[in-house]
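Hi there,

Here is the structure I promised to pass on to you. Have a look at it first, and then read on for what turned up in it.

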Amino acid sequence: MEIFDLDKCWKKVQQGDVRAFEALYNRLYPALLYYAKQITGDHFVAEEILQDTFLKLWQNRQELFSDGASLKTYIYQAAHHQCINYLVHKKTQKQSFLQLASGKWWYEIGEQFAYDEQLLDALQAEETLHRIERLVEELPGQCREVFKLSRFEDKNNEEIAGLLGISVNTVKTHIYRALEKIRRGLDNE
């Protein structure tokens, strides 16, 4: 069994080695996903946060850790901060929604529908789902098809690659680009 050397792998990543980055991703992703999911309480959100974390890591690879800082600590801290930002943003959205609704209006809704946190969550989830569906439909053809197969039909990357006659890396790229466009679309609304 080969021992994974994080420092050697990181040096290769800093030089632009995509395979080393994939190895780093594959090595750290499962534990990071579990960690992010524990904070956010949402598997899909945790996946998005980690996609963003690893993208930033790749984009800033040459500027990071010239002083020998811990890569693993950095990635966990970056993911942690993004999870906290997500939770703060989610809480702010709820507070804004509650402030927009006048007391009388909210009282009437509460009387008719027995308001609780689940009602607000359901309203927000439905609104977000409609926004995501619209953003998915705006994706370029093959990117949209790959994303739908992955997220809505629960196909894995290998199955999608086989169905569409493309490489697994192309599938990963399409999924990543779709998630980025959806995330940016949701941020801009």
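Let me begin with helix 7, where Cys143, Val146, Phe147, Leu149 and Ser150 are buried. Looking down the axis of helix 7, you will find these buried residues within an arc of 165°, so they line one face of the helix. As background, an α-helix has 3.6 residues a turn, so residues three or four places apart point the same way.

Please keep in mind that this is a predicted model.

Now for the overall fold. The chain has nine helices and zero strands, and read along the sequence its pattern is α-α-α-α-α-α-α-α-α. Of the 189 residues in the chain, 33% are buried.

Next, the nonpolar cores. The largest nonpolar core has 22 residues, and those touching the most other members are Trp10, Val13, Leu24, Leu32, Leu50, Phe54 and Leu57. Helix 1 (6–14), helix 2, helix 3 and helix 4 (71–100) each give two or more residues to this core. Helix 2 gives the most, with eight residues. Apart from this core lies another one, of 17 residues, including Ile166, Leu179, Ile182 and Leu186.

By class, the lining of the second largest pocket holds 14 nonpolar residues, along with seven polar and seven charged ones.

Finally, a word on the cysteines. How many disulfides does a search of the whole structure find? The search finds zero. As a reminder, a disulfide is a covalent bond between the sulfur atoms of two cysteines. Are Cys9 and Cys83 buried or exposed? Cys9 has a relative accessible area of 7%, and because that is under 20%, Cys9 counts as buried. Cys83 is buried too, because its relative accessibility is 0%. In helix 7, Cys143 is also among the buried residues.

I hope this helps you find your way around. Happy exploring!

Best wishes

Terms used:
Residues are numbered from 1 along each chain as its sequence is written. This is a predicted model: local features need pLDDT of at least 70, side-chain atom pairs count only at pLDDT 80 or more; totals for chains, interfaces and linings use all residues. Side-chain values use heavy atoms; hydrogens and water are left out. Ala, Val, Leu, Ile, Met, Phe, Trp, Tyr, Cys and Pro count as nonpolar, Asp, Glu, Lys and Arg as charged, and the others, Gly among them, as polar. A disulfide is a pair of cysteine sulfur atoms within 2.5 Å. Buried means under 20% relative accessible area, exposed over 50%, partly exposed in between (1.4 Å probe, protein chains only). A nonpolar core is a set of buried Ala, Val, Leu, Ile, Met, Phe, Trp, Tyr and Cys residues joined through side-chain atoms within 4.5 Å. Helices (H or I, at least four residues) and strands (E, at least two) are DSSP runs, numbered from the N terminus. The arc is that of the directions from the helix axis to the C-beta atoms.
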